[in-house]
Amino acid sequence: MRAVTWHGRRDVRVDTVPDPKIEAPDDVVVEITSTGICGSDLHLYEVLGPFLDEGDILGHEPMGRVVEVGPEVTKLSVGDRVVIPFNVSCGTCWMCGHGLYSQCETTQVHEYGTGASLFGYTKLYGQVPGGQAEYLRVPFGNTLPIAVPDGPSDDRFVYLSDVLPTSWQAVRYADVVPGGTLLVLGLGPIGDMCTRVARHLGATQVIGADLVPERLDRAAARGTTVVDLNSLDGRLGDAVRDLTGGRGADAVIDAVGMEANGSPVGKLAQQVTGMLPDALAAKLMMTVGTDRLGALHSAIDAVRRGGTISLSGVYGGMADPMPMLTMFDKQIQLRMGQANVHRWVPEILPLLTEGDPLGVDDFATHRLPLESASDAYATFQEKRDGMVKTLLMPTRDGA
């Protein structure tokens, strides 16, 4: 089959690799019809190379049709249409039973002390082959795949793999009450969807901040009050207070993470780490690694006293300096973590089958064949061509 594979920093290719096969009695094999490129995939493209091997298959936002089932699979049949969550979760352990699918005890990666394995996301999370491919082996066939109905195009359901539950959790963790104010930092795919979810769940004022004109325009068109960071000279907190009666936002979602602009020391540390041999770089990142914290520091400044910060952007540093005095003095509540996909599916799926209140049908800005993956990664990383969300199409069924 054809699959998107990692070959080095800023070097992903579409290669011919062996087809996946049933390895456990409850496995299924899915023919992928649509698969997304995620903002966190850019961390693999740019930063997390020490935890990847050449030829690793990328991608964690797939959907498609079941083409093979193991002998113990009873909940799915060949031909069923499914979305695959990015968490590899068993659905039956203590953590899964408490809605913490991203902490699944069955698939935790004990070698690195990390949570549940993820599709297509480095040794840190199990080195499980990903879904930017023609086919994908999916374990836990009775509990992991999300069955969805025939009829609507893939665009209606594919974001259940990551974008929708990640955004939904970010907003729920932000705990914005109806009538409240939410600031979203970063209007890429997750940030953009957070603004939509927040309004759907009752936030009265939703503010979105970004540097990219196309992203600002896209969010503004759906009712978000946008703030162009290019025009502020670093005074985002002041701008937010001006919009909120001098108090600050009730909650802030950091949808940027480690790629934040305005953090020159963190940027230099990432660049230096990227030039080291993999073994040394990996050890450094796991012990004294630091992130570019511009977005998080902006969130701490812009949130009101007693407010909440919800982190959905991915961070990877182990020695990040935090302004603890300010955080304690402002009585900030902080919530974070990988999305627990299955925890939120019962709340989200009815919105996708009864209509399109979140605008998923036209959420993708680009739909490309799988063979265009290398160019798509470069375009997305450089924020060119108005690219916010790209779906790759390994087969024609997802078109």
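Leaving aside neighbours within four places in sequence, Leu 358 is in contact (heavy atoms within 4.5 Å) with Leu 164, Trp 168, Met 193, Arg 196, Val 197, His 200, Arg 222 and Leu 351. Leu 358 sits in the loop between α11 and β16 (366-369); helices here are DSSP runs of H or I with at least four residues, strands are runs of E with at least two, and both are numbered from the N terminus. At 1% relative accessibility, Leu 358 counts as buried. The cut-offs for that word and its relatives: buried is under 20% relative accessible area, exposed is over 50%, and partly exposed is in between, with a 1.4 Å probe and protein chains only. Leu 358 and Arg 199 are 159 residues apart along the chain, yet their C-alpha atoms are separated by 9.4 Å.

A word on what you're looking at. This is a predicted model, where local features need pLDDT of at least 70, side-chain atom pairs count only at pLDDT 80 or more, and totals for chains, interfaces and linings use all residues. Residues are numbered from 1 along each chain as its sequence is written, and side-chain values use heavy atoms, with hydrogens and water left out.

Now for the helices. Two packed helices are described by the angle between their axes and the distance between the axes. The axes are lines fitted to C-alpha atoms, for helices over the stretch in contact, and the angles run from 0 to 180 degrees between N-to-C directions.

Take α3 and α4 (residues 189-200): their axes come within 8 Å and cross at roughly 60°. These two helices are therefore oblique to each other, on a scale where angles under 35 degrees count as roughly parallel, over 145 as roughly antiparallel, 65 to 115 as roughly perpendicular and the rest as oblique. On the α3 side the contact is made by Val 163, Leu 164, Thr 166, Ser 167, Trp 168, Ala 170 and Val 171, and on the α4 side by Pro 189, Ile 190, Met 193, Cys 194, Val 197, Ala 198 and His 200. Sorted by class, that gives 11 nonpolar, 3 polar and no charged residues. Here Ala, Val, Leu, Ile, Met, Phe, Trp, Tyr, Cys and Pro count as nonpolar, Asp, Glu, Lys and Arg as charged, and the others, Gly among them, as polar.

Helix α3 (residues 163-174) also packs with helix α11 (residues 341-353), at an angle of about 105° and with the axes 9 Å apart. So α3 and α11 are roughly perpendicular to each other. From α3, Leu 164, Pro 165, Trp 168, Gln 169, Arg 172 and Tyr 173 meet Val 341, Trp 344, Glu 347, Ile 348, Leu 351 and Leu 352 of α11. The α3 contact with α11 has 9 nonpolar, 1 polar and 2 charged residues.

Back to single residues. Accessibility for a handful of them:

| Residue | Relative accessibility | Class |
|---|---|---|
| Cys 38 | 6% | buried |
| Arg 81 | 8% | buried |
| Thr 379 | 11% | buried |
| Cys 93 | 12% | buried |
| Arg 10 | 43% | partly exposed |
| Asp 385 | 57% | exposed |

Most residues other than glycine have a negative phi. Arg 10, in the loop between β1 (2-8) and β2 (11-16), has a positive phi near 55°. Asp 385 has a positive phi too, near 60°, and is found in the loop between α12 and β17 (390-393). Asp 385 is also touched by Thr 379, whose contacts beyond four places in sequence are Arg 384, Asp 385 and Met 387. Thr 379 itself belongs to helix α12 (residues 373-381).

Arg 81 is in strand β5 (residues 81-83). Arg 81 and Gly 64 are 17 residues apart in sequence, and 5.8 Å apart in space, C-alpha to C-alpha.

As for the cysteines, the structure holds 0 disulfides (pairs of cysteine sulfur atoms within 2.5 Å). Cys 93 is in no disulfide, and its nearest cysteine sulfur, that of Cys 96, is 3.6 Å away.

Zooming out, the chain has 12 helices and 17 strands. Of its 399 residues, 55% count as buried. Among contacts in the chain with a separation of 6 or more, 73% come from residues 24 or more positions apart.
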